Amino acid sequence: MKRILARNAPGYLFLSPWLLGFFLLALGPILASLYLSFTRYDMVSDPRWIGWGNYEYMFTRDRRFWKALEVTFTYVAFAVPLRLAFALAVAMLLDKGLKTIGLYRAIFYLPSLLGASIAIAILWRELFSATGVVNQMLALVGIEGTDWITNPKTSIYTLVMLAVWQFGSPMLIFLAGLRGIPKDLYEAAEIDGTPRWRRFTRITLPLLAPVIFFNLVLQTIDAFKTFSSAFIISNGTGAPADSLLFFTVYLFNEAFKFFRMGYASALAWVLLIIIGVFTALAFLSSKYWVHYDNDRD
Amino acid sequence: MAGLELRNVGKSYGSLSIIKGLDLDVVDGEFLVLVGPSGCGKSTLLRMIAGLEDISDGTISIGGKIVNDLPASKRELSMVFQSYALYPHMTVAKNLAFGLQNFNVPKAEVQRRVEEAARILQIGQLMDRKPRQLSGGQKQRVAIGRAIVREPQLFLFDEPLSNLDAELRVQMRAELASLYNRLGTTMIYVTHDQVEAMTMASRIVVLRGGKIEQVGTPQELYTRPQNLFVAGFIGSPKINMLAAKVSRSGGAATIAIDGMPAFQLPGLATGDDALTLCVRPGSMHLGGGDVQTRGKIILVEYLGNETLLHVALSSGQTLLVSDSGRSQYRSGEEVTLGFDLADLHVFDSAGQRVES
């Protein structure tokens with residue numbers, strides 16, 4: 001035991017910043033929130049134990065909870081595949097061996113660096129408002145646009161577009177993955193008369209599967225947790241007509257606007273379980289579509 | 001099957017010229033080996049024939065048809081890569097069938113050709129394995145199998161054996177040679193290994209700096225190298241090179257080499273008076289020969305069936321002498337060594353062969 005500890009000591013030493021942070025800062029609040037999720041707590045009086053009450057209310061009577069789920073799932077379903085597809089498409093363009101690739105990489109990564117700032121929210125409002133740039137462009141080809149952000153039917157898709165626009169980090173990971181595919185495989189395929197699309201589906205995609213899988217898991221978790229962009233663009237309310245009521249926005253409002261900390265904690269745990277289930281599903285499915293070159297079977 | 005014609009073929013990247021005005025005819029059914037030191041352009045030339053590199057100048061024809069603008073897939077050729085280039089996520093069977101499926105070959109025909117290739121290469125028991133579960137030699141067989149199933153009119157090999165260990169290389173060399181005998185298809189084979197070139201080729205093309213130095217059968221290259229580069233490149237152990245001065249009186253040419261007695265060389269067809277004389281280590285004699293000198297053995301390399309003696313002349317130059325495996329000579333011994341005039345290869349100051 002002593003020897004094992006001594007052997008692993010450097011590992012633990014390197015892990016220590018994270019371990020310290022986790023045990024001192026994160027673990028306590030996590031356990032507290034689990035406890036609070038079974039209580040009614042307004043931050044003024046002491047928490048009162050109500051058993052499964054919060055969860056029961058959530059699933060049986062809270063219509064906004066279901067709306068928040070609907071909004072979040074819609075967002076995840078569109079934003080994740082579109083962002084990944086767009087990131088992959090750009091990565092493939094950049095992989096063509098341009099001399100100025102470094103510059104393009106930086107430019108394309110820029111939107112991701114800007115994150116969900118106020119500036120981006122204002123930019124998005126400018127782009128998608130009734131008199132915004134998008135509508136001006138549409139007008140040029142004779143299409144009359146709507147006010148994309150205040151229209152409950154379209155508002156979520158402006159956020160999907162924002163997510164797609166911030167494709168930088170999966171793009172960089174895809175680019176690294178594409179660089180890792182030996183060029184002579186494509187040459188062999190070229191000599192074998194493999195059409196471009198088949199080269200993509202039969203060589204690029206399968207060989208990129210580990211990277212696609214990694215990006216998929218990361219982006220799915222990220223999308224479920226999306227908060228800032230929705231919060232800023234909907235002015236923190238989830239408006240219009242709760243069409244931007246992301247799960248996290250709803251959770252935030254319950255906690256810090258209405259001070260229903262117990263209920264907000266229960267919401268947080270439900271979100272954690274949802275993310276856990278989706279991640280587990282991704283991992284379970286991976287053995288059918290992810291090929292690792294170095295595993296042995 | 002098809003022949004191949006290269007006419008004034010060139011390749012350059014910007015101002016850098018890799019292949020320079022190359023002419024070459026490959027006869028239908030020939031096993032042609034492109035050999036040369038690294039950077040000589042042999043792989044580039046093969047890739048140009050394959051259609052993986054553009055041609056900057058000249059024309060390439062396969063089976064009488066100019067293919068300059070034809071994509072690789074339409075040139076009816078197969079290529080075996082140095083890295084094997086097997087699709088790592090596909091089984092051996094799928095790797096073999098993949099190319100055929102692109103050409104809409106009927107399923108039964110794909111099956112037949114895959115089985116035939118598996119039988120020829122004895123990889124039938126590997127069909128359900130992935131490339132990572134194969135040894136180097138097995139991967140190479142699959143790569144060759146993938147080329148065979150296409151039934152191409154031209155096979156291209158880009159240093160296919162260089163990733164294998166020495167023993168396997170010898171074995172695969174023999175297998176490739178017997179495959180060639182069996183298929184009779186035109187094959188173009190790139191290697192930097194002159195032993196591979198000598199043992200497999202119908203004809204060898206020696207390349208240097210993007211130019212052809214000599215084209216010929218292995219015997220022609222060995223017995224009549226056209227220039228100093230080919231003389232030095234072909235043959236192992238390496239040929240001995242001696243710098244010689246010529247003086248003429250009447251019709252006879254007298255040769256003076258540092259560390260050796262002067263001798264006469266009849267019928268020398270050059271006016272050049274600075275020559276290089278070359279003798280293969282196997283043509284050197286210990287204690288005999290038309291021209292003889294003394295030297296000191298400084299190194300003995302025992303190779304089993306032969307022994308290589310490094311003999312230093314009084315001039316300081318070292319000559320290689322190939323003796324039998326039963327050689328009793330020891331390092332430090334003084335010996336008489338010599339050669340026959342008939343075994344001399346003579347080259348002028350420009351490095352070109354001179355008949356003597």
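How many residues of domain 1 of chain B are in contact with domain 2 of chain B, and how many of domain 2 do they touch?

Author: Ten residues of domain 1 of chain B are in contact with eleven residues of domain 2 of chain B, where contact means heavy atoms within 4.5 Å. This is a predicted model, in which local features need pLDDT of at least 70 and side-chain atom pairs count only at pLDDT 80 or more, while totals for chains, interfaces and linings use all residues. Residues are numbered from 1 along each chain as its sequence is written, chains are lettered from A and ligands numbered from 1 in the order in which they are written, and side-chain values use heavy atoms, with hydrogens and water left out.

In chain B, domain 1 runs over 4-232 and domain 2 over 238-354; these bounds come from an automatic or database domain assignment. The C-alpha centres of the two domains of chain B are 38 Å apart. Between them, domain 1 and domain 2 of chain B bury about 920 Å², with 56% given by carbon and sulfur atoms. Of the area that domain 1 of chain B buries against domain 2 of chain B, 49% is supplied by B:Y222, B:L228 and B:A231, more than by any other three residues. Buried area here is the accessible area (1.4 Å probe) that two parts lose on being put together, summed over both.

Salt bridges between domain 1 and domain 2 of chain B number zero. A salt bridge is a side-chain nitrogen of Lys or Arg within 4 Å of a carboxyl oxygen of Asp or Glu. Polar contacts do occur: four residue pairs, both at pLDDT 80 or more, are found across this interface of chain B. Such a contact is a pair of N or O atoms within 3.5 Å; within protein, one must be able to donate a hydrogen and the other to accept it, and residues adjacent in sequence count only if both atoms are side-chain atoms.

On the side of domain 1 of chain B that touches domain 2 of chain B, helix 7 (218-223) and helix 8 (228-233) of chain B each supply at least two residues. Helices (H or I, at least four residues) and strands (E, at least two) are DSSP runs, numbered from the N terminus. That side of domain 1 of chain B consists of five nonpolar residues, four polar and one charged. In this count, Ala, Val, Leu, Ile, Met, Phe, Trp, Tyr, Cys and Pro are nonpolar, Asp, Glu, Lys and Arg are charged, and the others, Gly among them, are polar.

B:P237 is in the loop between helix 8 and strand 11 (240-249) of chain B, and the peptide bond from B:S236 to B:P237 is cis, with omega near 0°.

In an unreviewed entry, UniProt gives "domain: ABC transporter" for residues 4-234 of chain B; its positions are given in the numbering used here, feature names are shortened, and annotations may be inferred rather than shown by experiment. The span 4-234 of chain B is 37% helix and 26% strand, and its end C-alpha atoms are 25 Å apart.

Chain B also meets chain A. This contact takes 22 residues from chain A and 26 residues from chain B. The two chains bury about 2,100 Å² between them, 53% of it on carbon and sulfur atoms. A:E187, A:I191 and A:D192 supply 31% of the area that chain A buries against chain B, more than any other three residues.

Two salt bridges are counted between chain A and chain B. A:D192 forms a salt bridge with B:R150, with the closest N and O atoms 3.0 Å apart. Side chains of opposite charge can pair when their charged atoms come close. Across the interface of chain A and chain B there are also ten residue pairs in polar contact, both at pLDDT 80 or more. Helix 9 (183-191) and helix 10 (196-224) of chain A are the elements that give two or more residues to the side of chain A that touches chain B. Helix 9 of chain A gives the largest share, seven residues. By class, that side of chain A has nine nonpolar residues, three polar and ten charged.
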